[in-house]
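Hello,

Please find the structure below.

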Amino acid sequence: MRYPTRREIVATAGLAALFGGPFAAMARKTQSPAQPFSWEALQERAATLARQPYRAPERVAAAAAIDYDAVGSIRYRPEETLAGGIRLFPLGRYAPTPVKINIVENGQAHAVPFSRDLFQAVSGHAPPLGIAGFRAMVPGKESDWMAFQGASYFRTAGSQDQYGLSARGIAINTGISGREEFPDFTEFWIERTGADAYTVYALMDGASVTGAYRIASHHQNGVQQDVSAVLHLRRDVERLGIAPATSMFWYGEGNRGAAVDWRPEIHDSDGLALLTGRGERIWRPLVNPPHETLDSFADENPRGFGLLQRDRDFDHYQDDGAFYDRRPNLWVEPRGQWGRGNVVLFAFPTAAETVDNIVSFWVPAEAPKAGQRLQFDYGLRWGSDDPTLSQATAHVVDSWTGVAGRPGDAPTKGARKLVVDFEGTGLAGLDRSSGVSPAIDVARGKLIASAAYPVVGQKNRWRITADIAPEGNGPADVRLFLKRGDRALSETLLFPVFNG
C-alpha cells in the first residue's frame, strides 16, 4: 500500500476546476467587509458543520500540470505581505485544493480574496490558480519559520532555520489498509500577536470529523506552539490519532545495507522518545522496515512524546544541502489529563528520502463514536535540544544490528546481534566491578547471549550487546536498559529485531 506524505498530499475530492469561479474573480484590491471573529464562534461553526453531510473540497484540475519545479516559479509578491510577515503559497500538483485566508485584528476578520496579482509568475510557466496555504517570514530575511500547506499539515523551521518533519491536525485510521483519511484545514484566520508570534485559527473538515483549531505560535530559540483542538465526530473512528507527526527514515548507522546513496545517513528523525505518566523514559530508534509495522505503547496521562533527531554530527550525514544534522525535533506536551491510551508508531518501507514513511500519534483507549465532542490541548516544541535528557538517567546515543555470534567465529544462524550505547553523567565512575548489568526482555524471540560494559576510552559511555533469535514471521520486540541492583541507570530502549 502507498501512503501519501507532506510531499504528495492526497485529498479525497474529485477533480473539478474552480478557476473562473466567483472567489477567483474577486479583484485583489477589493475591500471585503470585516466580520466579527472569535474562538468561540469558530467552535460553534465546526459543531454546526459536523451535523451536515460531508462535502469534499474541490481541487483545481489545472494545478496537476504545475509540478514541483513549476510551482517554484510562482512567487508571492513581497509587497503584498500580510500581517507583518504572512505570504501565501500558490496551488500546484501536490497542493491542488484552495483554502480561504482571513487576517484578524481587534476581533475583526478580513478575508483575503485570491487574485493573480498577488503572485509573480515566470514568463512561459503556468499562471497562479489559487491559494494553497501560507507561511510566516523571519523578520528582515527571505526565509520562513512556519508553514501551513496541504490537508492539515504544518511545520516549522525549528531553531536552525531548517525544515524537516511535519505535524498535522489529526490522523484518521493511519495504518489501517485502505481506510486512512486526510481531513483538510479549509479556512484559516491569522492573528499577529507579536513581532515573531501568530495565532492561527483553522477550520477542519473531513468525512469522519470536523474541528476547530487554535495554534498559538511563537518563534524564539526554536518554535513553541500551543494547540487547542476541539473535534466533532461525524461517524465512528477506529483509530483517532491526536498530535500526529510525520517524518522520514531511510537509513542510518543501524541499517547500512540500505545505503545505496553515497551519504552515510539520511533521515529527518532517528527515534521516538516517550516520557510516560509514571516517569519512565523510553527511546525507540526508527528503522526502515521490510514491511509495514505498527508499534503501540500503552500509557496513562503521558507527560510527553515525539520524534527526535538526536544525532547532530555533520560528519554522520555529509549533506551540505539538505542538512539532516539540523532537522528539528518535535516534542508533544499533553495538557490536562489525557487518560488511558497508546502512543502509536507506524512505519512502512521507503527507498528514497522524498517519501515520509514514519508517523507517530496518541490514540485514546476508547474509540470515539459519531456525535461525540472531544478536546485535546497540547504544546509542540520544535528545536534542536533534546527535551528528554536527564542528568541522572543515561540515554541512547547509538544502536546497531548485525550478525550474531563472537567476532571471527561463524555467525549464529537464525539470530541477530543488537548493540546499544548509552551515555550520561550518572554512569561516571562505574566500571566492570560496579555491579552494572543489562536488563533485557524479549517478546516473540529468544535471548541467546548478552553483556554490558564500559566503552574503552569513552567518558560515561556504556554498551549493551545482545544476541536475539526472532521467532515467527515478525520481528522480536526487545526491551532493555542498564541497571545497578534494582535501580535503573538508563532510559529504556525498545527495538524490533528482524531476522535476516
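**What was found**

Of the 500 residues in the chain, 55% are buried, where buried means under 20% relative accessible area, exposed over 50% and partly exposed in between (1.4 Å probe, protein chains only).

The model is predicted, so local features need pLDDT of at least 70 and side-chain atom pairs count only at pLDDT 80 or more, while totals for chains, interfaces and linings use all residues. Residues are numbered from 1 along each chain as its sequence is written, and side-chain values use heavy atoms, with hydrogens and water left out.

**Confidence**

Over residues 1–30, pLDDT stays under 50. For that stretch the model has 76 contacts (heavy atoms within 4.5 Å) beyond four places in sequence.

**The whole chain**

The chain contains 3 helices and 34 strands. These are DSSP runs numbered from the N terminus: helices are H or I with at least four residues, strands are E with at least two. The radius of gyration, taken over C-alpha atoms, is 24 Å. Along the principal axes, the C-alpha atoms fill a box of roughly 80 × 50 × 40 Å.

Among contacts with a separation of 6 or more, 69% are between residues 24 or more positions apart.

Which strand holds Ala 347? Ala 347 is found in β24, which covers residues 340–347. Its relative accessibility is 6%, so Ala 347 counts as buried. Leaving aside neighbours within four places in sequence, Ala 347 is in contact with Pro 289, His 291, Glu 292, Thr 293, Asn 357 and Ile 358. Ala 347 and Val 287 are 60 residues apart in sequence, and their C-alpha atoms are 8.0 Å apart in space.

Is Ser 399 buried or exposed? With a relative accessible area of 9%, Ser 399 is buried. Its place is in strand β27, residues 395–403. Not counting residues up to four places away in sequence, Ser 399 touches Glu 253, Gly 254, Pro 285, Val 419, Val 420 and Phe 495.

Regards

Technical notes. pLDDT = per-residue confidence, 0-100. Rg over C-alpha atoms; globule rule 2.2 N^0.38 Å.
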